[in-house]
Amino acid sequence: MTSPDSSLRVLVVGCGNMGASHALAYQLIDGFTICGIVSTGNSKVVLNERLGGGYPLFDDYATALAETRPDAVCISTYPDTHESFAIMAFEQGCHVFIEKPVADTVEGAQRVMAAAQKADRKLVVGYILRHHPSWEKFVEVAREMGKPLVMRMNLNQQSHGQMWTVHRNLMKSLSPIVDCGVHYIDVMCQMTRSKPVQVNAIGARLTDDIPADNYNYGQLQIRFEDGSVGWYEAGWGPMMSETAFFVKDVIGPKGCVSIVAKNAGGTGKSDNVDSHTKTESLRVHYADIDAQDHFTRPDEWIDMQDEPDHQELCNREQRYFLRAIRDNVDLTDHMQDAVNSLRIAFACDESVRTGQPVML
C-alpha cells in the first residue's frame, strides 16, 4: 500500500477529451505524478505541450508499461482496448482507472474485475455522474417520489467536426446506447434500487459513415421488478435534431423532478461535452391536490450552487481514485455496478439487433 506521503506514478493511456482531462487532474492533484503518456497518434504530443512538456511519450502501451513501471494506469482509449490494457496493468501490479465501459463485452468486463481482485488492486470506472452533486441530488429527490418510478432521459448529439470523428471511431466497436447508456442505466438503478427484469430497444442506421452492423440512433426501455420503467435515447451525427435533445425527468406517485438546464440545453450545445453534465437547476413538482383537485403545493426550484464543470468532475473522479488506493476503499459494489449496467446495456443492444425483448 502506498504511503500518504508518497506520490503515485501514473501512466496516462489515451489522450483524447477524457484522457487529456484526467491528465490535467493528475497534474493538479497532490498525490499523483505522471510518468508517461501513451497514444498511437499525435495527440500525446499535443497533450504533452498542454501540460508544459517534459513527459516521456510512447506509441506502444506494452512498452510504456514495461519502461515506466507505474503505480497506476489511466485508460481512456477506445473501448475495444479496455479489457486487454486493464488486465496487463493488473498483471504488473498497477491500480487502474478506466473510462466506461469497462470492456466491449460483458464477459470482458467480468475478466477485468476478476483480474483486479486477483491482483488485489483498485479498479475505478469513470462513472462521472456519480461525482456530480447535482446528479446525486437528482437521484435523492427521485427516491422521494414513491414507487413505481417513470424515468425519462436522453442525450442526442448533433455531432460534427472533431466530435463526429470521435463518434465514428467509437461506433467501430459500440453503439451510442451502450457507450452513453451505461451512465443513465446506472442512474436508473440507483433511483429504483430494484432489479431490472426486461429490456426492449430500437435502433436505426442513419449514415453509411459507420460500420454496416452498427446504428447511430437508439432508444432503450427497461422494466424493473418494483414496477418502475425507464427509457433512454441516444443519437450521434450531423443529422440529429437539437429539439428536445436534453431530457432528464423522473415521475412517481408523489410528483416529479426534472433537470432544467436552460443554458446547457440550448441550441448548439448537444455535442458540447461541458454541457452534458450541467444541471443548473432541479424543478420539483408535487402531486398533492385538495378536494377541488387543485394543487396544494407550488413547484420547488433547487438551484445548484456547486456546479462543477467537466474538468472539475474529472478532478473529483481522480481524488476518489486516490482515496480508494490510499484508504483501501472496498470497491466491490462499485465494480459490480459497472458490470451490471454494461450487462443491461448489451441486453438492449441485443434487443435492437433481434427485434425482440430480452429478459434479464
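The side chains of Lys100 and Asp179 form a salt bridge, 3.1 Å from N to O; the term stands for a side-chain nitrogen of Lys or Arg within 4 Å of a carboxyl oxygen of Asp or Glu. Keep that pair in mind as you go.

Before you start: this is a predicted model, where local features need pLDDT of at least 70, side-chain atom pairs count only at pLDDT 80 or more, and totals for chains, interfaces and linings use all residues. Residues are numbered from 1 along each chain as its sequence is written, and side-chain values use heavy atoms, with hydrogens and water left out.

**Exercise 1. Find the domains and describe how they meet.**

*Step 1.* Start with the bounds, which come from an automatic or database domain assignment. Domain 1 is 8-125, and domain 2 is 130-307 + 341-359. Their C-alpha centres lie 28 Å apart.

*Step 2.* Look at who touches whom. Contact means heavy atoms within 4.5 Å, and 12 residues of domain 1 are in contact with 13 residues of domain 2.

*Step 3.* Now the area. The two domains bury about 1000 Å² between them, 69% of it on carbon and sulfur atoms; buried area is the accessible area (1.4 Å probe) that two parts lose on being put together, summed over both. On the domain 1 side, Tyr78, Lys100 and Val106 lose the most, together 50% of what that side buries.

*Step 4.* Count the salt bridges across this interface: the rule finds 1.

**Exercise 2. Work out the strand order of the open sheet of 6 strands, and which strands stand at the edges.**

*Step 1.* Helices (H or I, at least four residues) and strands (E, at least two) are DSSP runs, numbered from the N terminus. Two strands pair if DSSP finds at least two bridges between them.

*Step 2.* Read across the sheet: the order is β3-β2-β1-β4-β5-β6, with parallel pairing.

*Step 3.* β3 (57-58) and β6 (123-125) are the edge strands; each has a single partner strand, so one side of each has no neighbour in the sheet.

*Step 4.* β2 (residues 32-38) runs parallel to β3 and is joined to it by 2 bridges. Ile37 has Leu57 in β3 as its bridge partner.

**Exercise 3. Which parts does the salt bridge of Arg130 and Asp337 tie together?**

*Step 1.* The closest N and O atoms of this pair are 2.9 Å apart.

*Step 2.* Arg130 lies in the loop between β6 and α6, and Asp337 in helix α12 (residues 332-354), so the pair links parts 207 residues apart in sequence.
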